[in-house]
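Okay, thanks for coming, everyone. Let me put this one up on the screen and walk you through a few spots.

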Amino acid sequence: MKKAFKYELKVSQAVEQKLQSTLDTCRELYNAALEERRSAYKVAGISTNYTDQANQLPEIKQIRPEIAAVHSQVLQNVLKRVQFAFDGFFRRVKAGICAGYPRFKSKDRYDSFTYPQGGWRLEGDKLWLSKIGSMKVRLSRPVEGIIKTVTIKREGSHWFVIFACEVEPQPLPATGEVKAIDVGLEYFITDQRGEVREPPECFRESEDKLAKAQRQMSRKKKGSGHWKQAREKVARIHRKIANQRRDFLHKLSTAIIRENDIIFFELLNIAGMVRNHHLAKSISDAAWGMFTGMLIYKAEEAGRVALNVNPNGTSQECSGCGERVPKGLSTRWHNCPRCGLSLSRDHNAALNILARGMKLLPAVGQTVAARGGSTVVEPVKRESALRCEESLHSLLLTHS
């Protein structure tokens with residue numbers, strides 16, 4: 001499987017100038033390639049592809065020395081990015097989705113370049129890049145597997161390197177535990193046992209500080225030195241919020257994967273949910289999509305099973321008798337008039353997610369077996385299914 005490792009770079013002023021120059025050159029090439037494709041089709045009705053544009057690079061290097069100062073594979077990767085942008089555009093058009101035409105990249109919107117095969121060397125904590133030089137890498141953890149690509153990324157005034165590696169999965173020992181998760185805003189997650197985790201609210205905590213910094217930036221003349229300083233301050237606050245959120249999600253998802261063999265969660269339409277302007281900010285701050293994405297790829301690496309279930313009616317349906325009990329978002333407690341079950345709305349939803357997920361396990365086991373893969377689904381299914389049924393039965397008795 002593929003795994004990315006991201007580290008901060010410590011660069012000298014001379015190396016930083018070369019990194020920025022390489023980034024600017026790549027952005028210029030990207031925009032030029034995009035313009036050529038647009039003009040060729042608009043004027044002559046000709047569709048240009050990656051091969052046509054890549055064949056022009058040797059001639060361009062003879063005319064433009066700044067282009068020749070960038071490693072050849074980095075330039076080729078820039079043209080592939082343009083190809084990927086158009087491939088995605090035509091795919092969305094063909095699918096009938098509202099597709100935005102590929103856009104030109106400003107200085108603030110083009111922030112990385114990639115060495116897809118060679119042109120780099122990592123020796124200890126020293127990274128050498130062709131036509132740029134050597135720099136120190138803050139190796140916060142060891143690089144695993146075989147490095148396939150090296151990407152240099154700028155985030156504000158900081159530079160990072162991202163190693164995309166091929167690694168062998170590292171299955172964890174079976175625990176015999178199953179967890180069903182309902183995500184929410186009052187509590188970030190609630191499981192089938194009624195255990196909850198408070199939301200981090202990273203954005204909410206820094207919202208006032210961010211608003212103040214944005215007001216200060218708006219008072220500066222755009223493009224001036226003071227404006228650039230104010231913009232960097234705003235960017236630092238945004239980076240801190242994003243780092244706090246990722247840190248919380250990584251720790252929580254890792255703990256869940258280590259403690260459970262099977263994890264069930266809802267397949268939510270988050271894009272549709274953020275259209276509710278009253279909840280959009282809180283939903284975006286919670287980052288449910290990032291959290292479930294972490295669960296999926298970490299489960300794959302650890303030999304666990306992470307399954308999503310249909311979210312339709314998990315909060316409205318009674319987990320005790322199946323009766324549909326309509327309730328608005330403001331109603332946080334579930335009271336069933338049929339069986340008398342009374343418990344938290346999110347707890348009830350987690351129990352429904354568990355029940356729906358258990359029905360999916362036989363099909364998942366058959367699919368994995370047909371592919372010839374190894375998984376902990378089958379040995380855990382017999383023990384954990386019985387344990388979950390007993391736990392579910394005792395919970396219903398407790399709350400009835």
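**A walk around the chain**

So, start with Leu122, which sits in strand β3, residues 120–123. Strands here are DSSP runs of E, at least two residues, and helices are runs of H or I, at least four, numbered from the N terminus. Before I go on: this is a predicted model, where local features need pLDDT of at least 70, side-chain atom pairs count only at pLDDT 80 or more, and totals for chains, interfaces and linings use all residues. Residues are numbered from 1 along each chain as its sequence is written, and side-chain values use heavy atoms, with hydrogens and water left out.

Back to Leu122: what does Leu122 touch beyond its neighbours within four places in sequence? Leu127, Val137, Val143, Ile147 and Phe163, with contact meaning heavy atoms within 4.5 Å. Take Ile147 from that list: Leu122 and Ile147 are 25 residues apart in sequence, and their C-alphas are 9.8 Å apart in space. Leu122 counts as partly exposed, because its relative accessibility is 25%. The cut-offs are under 20% relative accessible area for buried, over 50% for exposed, and partly exposed in between, using a 1.4 Å probe and protein chains only.

Zooming out, the chain has twelve helices and 14 strands. Of its 400 residues, 40% are buried. Among contacts with a separation of 6 or more, 67% are between residues 24 or more positions apart. The C-alpha trace spans about 80 × 55 × 50 Å along its principal axes.

Now, charge. The chain carries 65 positive and 43 negative side chains, and the centres of the two sets lie 7 Å apart. Lys and Arg count as positive, Asp and Glu as negative, and His and the chain ends aren't counted; each charge is placed at NZ of Lys, CZ of Arg, CG of Asp or CD of Glu.

Last stop, backbone. Most residues other than glycine have a negative phi. Which way does Glu201 go, positive or negative? Positive: its phi is near 50°. Glu201 is in the loop between β10 (196–197) and α6, and Glu201 is partly exposed because its relative accessible area is 41%. Ala287 also has a positive phi, near 55°, and lies in the loop between α9 (280–286) and α10 (288–302). Ala287 has 12% relative accessibility, so Ala287 counts as buried.
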